[in-house]
Every structure is written in structure tokens, then in C-alpha cells.
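Hello,

Please find below the structure I said I would pass on. My notes follow it, in the order in which I would read them.

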Amino acid sequence: MGKALDGVRILDMTHVQSGPTCTQILAWFGADVIKVERPGEGDPTRGQLRDKPGVDSLYFTMLNSNKRGITLNPKTEAGKKIFTKLIETCDVMVENFAPGAIDRMGFPWETIQKINPRMVYASIKGFGPGPFEDCKVYENVAQCTGGAASTTGEMDSVPLVTGAQIGDSGTGIHLVAGILAALLHREKSGRGQRVTVAMQDAVLNLCRVKLRDQQRLAHGPLKEYPQYPNGEFGDAVPRAGNASGGGHPGWIVKCKGWETDPDAYIYVIAQLQAFPELAKVIGHPEWLDDPNFNTPEARLPRLMHVFCEIEKWTMTKTKKAVMDILNPLNVPCGPILSMKELAEEPALRATGTVVEVDHPKRGTYLTVGNPIKLSDSPADVKRSPLLGEHTEEVLREIGLSDADIQAARQQGAI
């Protein structure tokens, strides 16, 4: 079986995280991704947050699997010619430079369309058209401007960013969807098109339920938030600690060993259907006949008391023991898993979600494999390219002679 994107060639002008996330997924799907980097420098993440001196950082290796790497300076005469040839021979160009950077290289969208009318040109920007469109954006800026930070954190405390990279990686995954749609459309129309995702928009899309709650606020308090019924609601969606945000209340409670283990916690949801079993197992069967506890409405003002009682029980057991007891009772729950636990989890290794990769300079490293599983096109995770590793190979494929390559090298174009 061929890979899903066999025969699709990607001109990868991306760097750092948001763009490389997108092109890495396309590479896992089988596209030939040609990562273009500055001669002598490369993607800035090659040298960032290094754990070993003199080798590519994990930041770089974990975002650039399965790609071929070339160096190119499109601002030189030879570089411009090579870049034009790459546009002619690729199906998709992806970039996440600051606004206008590719235009300043002499390749605005109009020029790209003339060179290759079938080209899909995909970009990640910080913001769409509007007051902020010329601003630079990083992960936490996107989380703050897209609504995530204002709705995350403890009640009555400061806004918090999340450890999940919803700004960078989240936007990259949105861009994958846009590129695949444009490639499908090209099958019918014969023409490429422009695909743009703004980081603010992608984060807001991931915060969709909070925009839902903003509109519900106009019609009364949000009953599933812990502020109800004893607290006050302002005119914007509040921060709600670890409340579930759904129709069934949930909270994080301590497990045995929490005093020394920062991850000895479990999330428990007091779901309506499973509540009788939950009450019995934690030692409160009397709640089932008590009008203060035996309906969801009655429990609302006493939720913190309910979770305190649940916690008294969970603190006597490890998080694994709690899972083993509550799962057969159909009580929804999930342990807080640390990065160490996830890295060591055999089930994730078995599915290819966590993969060990061999690298000629740094030895083996761990990375996250393709989270999107295709039955006929499984993704093999290959190591990231060394700086300029495939320059000559790619240039010969697009028709350059040895003399051309030599001349480009003398000009500093590669």
C-alpha cells in the first residue's frame, strides 16, 4: 500500500513550531517534504534548549521527522532561480514567517500563482485582518488573545496559560486540514489556492464552548460552574478551576502519596447515572435517601462537600487503585499522568504514539508519533534531517547540473 500523500511534494518554508507541526504531519502521511533552511544557520530551534552540546536540539528533532533538508538563500541571484524552480515542481508551499516576509523575498502570492497555478500556498499568521494583523505572535500570546488564558485558572485568581501548545501546534493541525481541503479542491478545479490560519482564530476555535457560555450568561448564571449558586458572576465567562465545563460536575482530587508525588491526583466526574455507585463506594449510601444529595439540583450548592468526601476516600488509595475500583462502576475518571509516566507507557509505544528514533549525532531520542492513525497508511517515524543534508539530492531532482550547484555554492545561495 502506498502512503496517503504519496506523490505530493511540499516546499516547507516553516520554522520553530507552528509550521513544522503541520509539515511533519503531512510528511507522516507520505508527502515528500523539503525543508528549506538558511545556509549556515538553519531553523533557530536546532540550537535552542539544547540538552547535549553540538547536536540538534530535541525541540528541532521532534518537529521535523520524515523531512528532507536543504539550505537556500532566496535573496541571492542563484537562490532566486532555485526557489522559482522549487515552486514550479512542488504542490504546496507552507510558511509561518512574520507578515510580508515572503513578499519581500520577491514572491508574493500573485507571482507564485504565475509560476505555478496549481500551487497551494499555506500560511500561519498571528492574527487575521484587523487591529493586530502586523503583530508578531508566540504560543502564550496566542493563548491570551484567543480566549484560553482568560477562561483558565483558579477561581478569583490570575489567568493561566496551559502546558498544551494550543497556539503553535494547535494552529499547525488546523493548517493541515486547510491544505488537504485545497488539494482535494485542486483535483476538481485544477488550480491551487491560498490557505491561511491565524493563531488567534485557531485558539478561539479550541475555546468554542467558552464562547457558548458567554452567550448563555445573558440568560442567567452558568449552573455547571463552581461559582453557582454561592458565588457571583460578572459579565464575562469566569475562570472555573478544574470544573468539568460539561453537564456533569467533575474535580481533581488527591490520591495516596500526594504529599510527595506532585501527580498523585485523579479526575473524578460525579455523573448522574453513576452517582449511586459512587456514593456507596466512598461510604455514603445514606446520600441516596437524603433530599440534600439525591438529585443533581440538590447537590449543586454542596458540590465542594461532595468532592471533599470523595477525596477522603481517594486519599486512602493510589490513583491506579482508584481507577481499578471506579471503572467497573462506570464512574468516569482519569489519573493525572506525568510526562515521565507517558514516556514509559507500553501501550503508547505499541500504537506508535510514543516512538524511539535513532539519530546519527545524538543517539536515540523519544518523540510523539502521528496521533492520526490511517488503517492503510501507517506512519513510520524517521529522524529529522541534518542541516543541508539533502541539498544536492533535491537540486539534481529539479534539474540542476553539478556546475549549477557549484555556482550556487560559490554565491552562498546554498
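Predicted model: local features only at pLDDT ≥ 70, side-chain atom pairs only at ≥ 80, totals over all residues.

Strand β8 covers residues 265–269 and is joined to β7 by five bridges, the two running antiparallel. One place to look is G250, whose bridge partner in β8 is I269.

**The helix on that sheet**

With 12 residues, α12 reaches 16 Å from its first C-alpha to its last, close to the 16 Å expected at 1.5 Å a residue.

Which residues of α12 are buried? They are L303, V306, F307, E309, I310, E311, W313 and T314. The cover over these buried residues includes the strands β7 and β8, along with α10 (275–281), α11 (296–299) and α13 (319–326).

**The six-stranded sheet**

There is also an open sheet of six strands, paired in parallel, in the order β3-β2-β1-β4-β5-β6. β3 (68–71) and β6 each have a single partner strand, so one side of each is left without a neighbour in the sheet. From one strand to the next, the twist averages 20 degrees.

K125 stands opposite A198 in β6. Helix α8 lies across both β5 and β6, and runs at about 65 degrees to β6.

**Two packed helices**

Helix α8 also packs with α7, at an angle of about 95 degrees and with the axes 9 Å apart. Angles of 65 to 115 degrees count as roughly perpendicular, which means that α7 is roughly perpendicular to α8. Where do the two helices meet? On the α7 side the residues are D168, T171 and H174, and in α8 they meet M199, A202, N205 and L206.

In soluble globular proteins, nonpolar side chains tend to be buried together. The largest nonpolar core in this model has 36 residues, of which I10, L26, V92, V94, L175 and I179 touch the most other members. The elements giving two or more residues to this core are the helices α1 (18–28), α7 (168–189) and α8 (199–206), and the strands β4 (92–95), β5 (120–125), β6 (194–198) and β10 (354–359).

Leaving aside neighbours within four places in sequence, V92 is in contact with V8, R9, I10, L11, M119, V120, I179 and L183. Apart from this core lies another, of 28 residues, including I70, I102, Y121 and I398.

**The whole protein**

The protein has 17 helices and 11 strands. Its C-alpha trace spans about 85 × 45 × 40 Å along the principal axes. Of its 414 residues, 43% are buried. Among contacts with a separation of 6 or more, 65% are between residues 24 or more positions apart.

Regards

Definitions and conventions:
Residues numbered from 1 in each chain as written. Heavy atoms only, no water. Pairing = 2+ DSSP bridges. Helix = DSSP H or I, 4+ residues; strand = E, 2+ residues; numbered from the N terminus. Expected span 1.5 Å × (residues − 1). Buried < 20%, exposed > 50% of the residue type's maximum accessible area, 1.4 Å probe, protein only. Contact = heavy atoms within 4.5 Å. Core = buried A, V, L, I, M, F, W, Y, C linked by side-chain atoms within 4.5 Å. Axes fitted to C-alpha atoms, helices over the stretch in contact; angles between N-to-C directions. Parallel < 35°, antiparallel > 145°, perpendicular 65-115°, else oblique.
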